[in-house]
Amino acid sequence: MKGGSHEVRLKGLGVSPGVVRARVVVRDNSFTEPETFSVRPADFLGERTRFENALVETRRQIVSLQNQIRATAGDDADIFDAHLLVLEDHAVLEQVFDKVAKEGINIESALYQVFSGYMESLRRVSDPYLKERAVDLGDVMRRILRNLKPGTGESVADHPVKHPHILAANDLSPSEIASMDRSLVLACATEMGSPTSHTAIIARSLGIPAVVGLHEFDGHFHTGDEVLLDGYNGVVIAHPRAETVEHYARFEAEKGAIRDQLNQLVGERAITLDHQVVVLSSNIEFSHEMDRVRQVGSEGVGLYRTEFFYLDRPFLPEEHALLEDYVKVAKGARPHGVIIRTLDAGGDKLPTSIQHGTEHNPFLGWRGIRVCLEESEMFRTQLRAILRASAEGHVSIMFPLVSSLEEVLEAKARLEEAKASLRAEGVPFDDRIPVGVMIEVPSAVMIADVLAREVDFFSIGTNDLVQYTIAVDRVNERVAGLYAPHHPAIVRMIKRVADAAAARGIWTGVCGEMAGDVLSTPLLLGLGITELSVSPGQILPVKRAVRALNCSECQAFAEEMLTLTTVEEITSRCRELALSRYPELLL
Ligand code: PEP
Ligand code: MG
């Protein structure tokens with residue numbers, strides 16, 4: 001469809017906001033498999049030397065790139081640690097050389113076969129984060145292969161384009177996006193990718209609008225075509241018509257005005273018109289997100305998902321590494337606090353460093369607190385690190401996927417043991433560290449009154465609570481239509497939990513995605529939720545929503561919602577109320 005005559009709209013996932021209209025450069029990511037040829041035993045040593053030299057050069061390039069990025073994007077450079085770890089994985093590298101020796105083939109082919117095997121296994125897991133590790137492996141493999149061919153080493157910017165453009169590619173590795181010239185690459189569009197990919201994280205932190213997951217754009221546009229990219233809604237439009245361009249000019253102006261208005265709220269509190277204070281905090285997955293958390297005026301961190309620290313490395317992290325990371329977050333959150341959730345491994349995200357067998361129903365299997373309690377050494381290490389970090393800021397601890405009182409009692413007993421060990425060593429910590437549990441399983445909802453006697457707070461994980469209550473896999477696209485946070489059962493459950501907490505004088509927050517959805521704000525406040533933990537990008541919209549509402553009115557609204565019987569009725573009433581109070585947020 002070259003020539004720009006017909007507008008073509010492609011839908012993907014908007015992972016970094018902004019609208020850009022520019023010429024597109026389509027980068028051919030196709031990678032040709034290296035040729036396989038025989039190598040005589042006498043040449044094995046030569047192959048090994050070539051391999052080792054290429055590894056040294058690859059390491060040098062990554063470190064140099066990391067230093068460059070650190071100068072401009074700070075902690076985002078840490079992402080290249082994952083690449084360096086690949087180079088330090090001696091077991092994998094030895095496997096490559098073993099293949100050369102056993103099969104008598106060249107090093108390029110052996111490297112390609114071994115790495116492809118690992119990449120294939122990683123792509124097959126459903127966890128988007130683990131899938132991304134395949135991208136890291138591919139990135140490092142391509143670098144090593146380039147370095148095995150003398151003279152072709154530095155080719156990140158293979159065909160540097162000298163004019164500002166939108167870069168479209170099948171996929172972009174973190175190192176590629178991080179080393180881009182921002183004055184030339186105005187936005188990115190990729191066929192692959194997910195919102196949790198490193199590429200998406202870096203695009204967001206560098207402020208490069210991006211749309212990922214476009215499936216196949218092959219044939220819809222070519223290098224040189226005009227393309228409009230909408231990073232808010234995840235849309236890429238090739239050959240936009242004049243009316244589309246005008247529409248987007250208006251859309252941009254409105255968005256800009258809303259952004260300016262929202263930015264005025266950074267220093268304000270999340271308080272309703274009738275003076276009910278709501279604690280509005282952030283969900284984070286990496287400690288380097290703390291700058292953004294502060295920038296948007298978040299009241300600390302309501303959920304630190306610590307598992308990503310474990311997923312990124314081949315070995316279990318040591319106490320000092322965890323401590324350093326947690327202290328960064330605790331100090332960064334001051335004067336507010338941080339709720340550190342203990343490892344929520346399992347389901348679709350088991351770190352390679354934890355031994356586990358195959359499970360028929362992983363989401364109903366070895367997950368969350370169950371893993372923590374069985375892997376005692378690992379749990380003890382994490383508890384000690386969290387406790388030690390509590391000496392440096394306001395730290396709370398939270399246990400994931402709790403389904404019984406016994407689990408809570410056991411977890412608390414382990415916490416006491418960890419405290420005792422630190423006390424014996426004279427290491428400081430907050431002896432009165434608040435302890436909470438996530439409510440994300442129906443059994444926990446039903447015994448919320450019992451659990452409330454044992455903890456200082458509840459945080460409702462609606463992402464899982466919806467999954468387990470409606471029996472709808474949260475990562476299965478086929479049943480996505482059934483995934484409904486406004487299901488009457490969920491509304492009643494939230495009410496039940498908040499009431500049980502209030503009866504014991506403890507607070508209830510929500511940290512699932514529902515907390516960041518401004519359609520649900522009146523409902524949650526009305527049901528008795530006093531803390532909302534949302535992604536940093538949702539802090540200001542939710543704050544705006546809270547400030548436009550009356551708590552007493554929200555309570556009456558929630559009472560009405562408790563009488564409704566279908567998802568559709570509840571959602572449509574939520575939309576009506578939101579539209580009447582903050583229509584601009586629904587734009
Ligand atoms: C949840 O289940 O709502 C939650 C916040 O935890 P996660 O998304 O990490 O499972
Ligand atoms: Mg959960």
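Reader: Before we start, what are the ground rules on numbering and confidence?
Author: Residues count from 1 along each chain as its sequence is written, and chains are lettered from A and ligands numbered from 1 in the order in which they are written. It's a predicted model, where local features need pLDDT of at least 70, side-chain atom pairs need pLDDT 80 or more, and totals for chains, interfaces and linings use all residues, while side-chain values use heavy atoms, leaving out hydrogens and water.

Reader: Where do Tyr-248 and Phe-251 sit in helix H8?
Author: They're three residues apart in H8 (residues 242–263), so about one helical turn separates them. Helices here are DSSP runs of H or I with at least four residues, strands are E runs of at least two, and both are numbered from the N terminus.

Reader: And is Tyr-248 buried or exposed?
Author: Buried, at 7% relative accessibility. Phe-251 is buried as well, at 10%. The cut-offs are under 20% relative accessible area for buried, over 50% for exposed, and partly exposed in between (1.4 Å probe, protein chains only).

Reader: Why is the Phe-457 and Trp-507 pair called stacked?
Author: Because the ring centres are 4.7 Å apart and the planes are at 5°. That pair links distant parts of the chain, with Phe-457 in strand E14 (residues 457–460) and Trp-507 in strand E15 (residues 507–510), 50 residues apart. Phe-457 is buried at 1%, whereas Trp-507 is partly exposed at 31%.

Reader: Which residues do ring pairs link into a cluster?
Author: Tyr-232, Tyr-248 and Phe-251. Lys-255 also lies over the face of Tyr-232, at 4.8 Å from the ring centre. That label needs NZ of Lys or CZ of Arg within 6 Å of the ring centre and within 35 degrees of the ring normal. Arg-48 lies over Phe-97 in that way, at 4.6 Å.

Reader: Switching topic: what's the strand order in the open sheet of eight strands?
Author: E1-E8-E7-E3-E4-E5-E6-E2, with mixed pairing. Strands E1 (8–11) and E2 (13–16) are the edges, each pairing on one side only; pairing takes at least two DSSP bridges between two strands.

Reader: How many bridges join E4 to E5?
Author: Five, between parallel strands E4 (residues 165–169) and E5 (residues 185–190). Ala-168 stands opposite Ala-189 in E5.

Terms used
Rings of Phe, Tyr and Trp (its six-membered ring) pair if their centres lie within 6.5 Å; planes under 30 degrees apart count as stacked, over 60 as edge-to-face and the rest as tilted.
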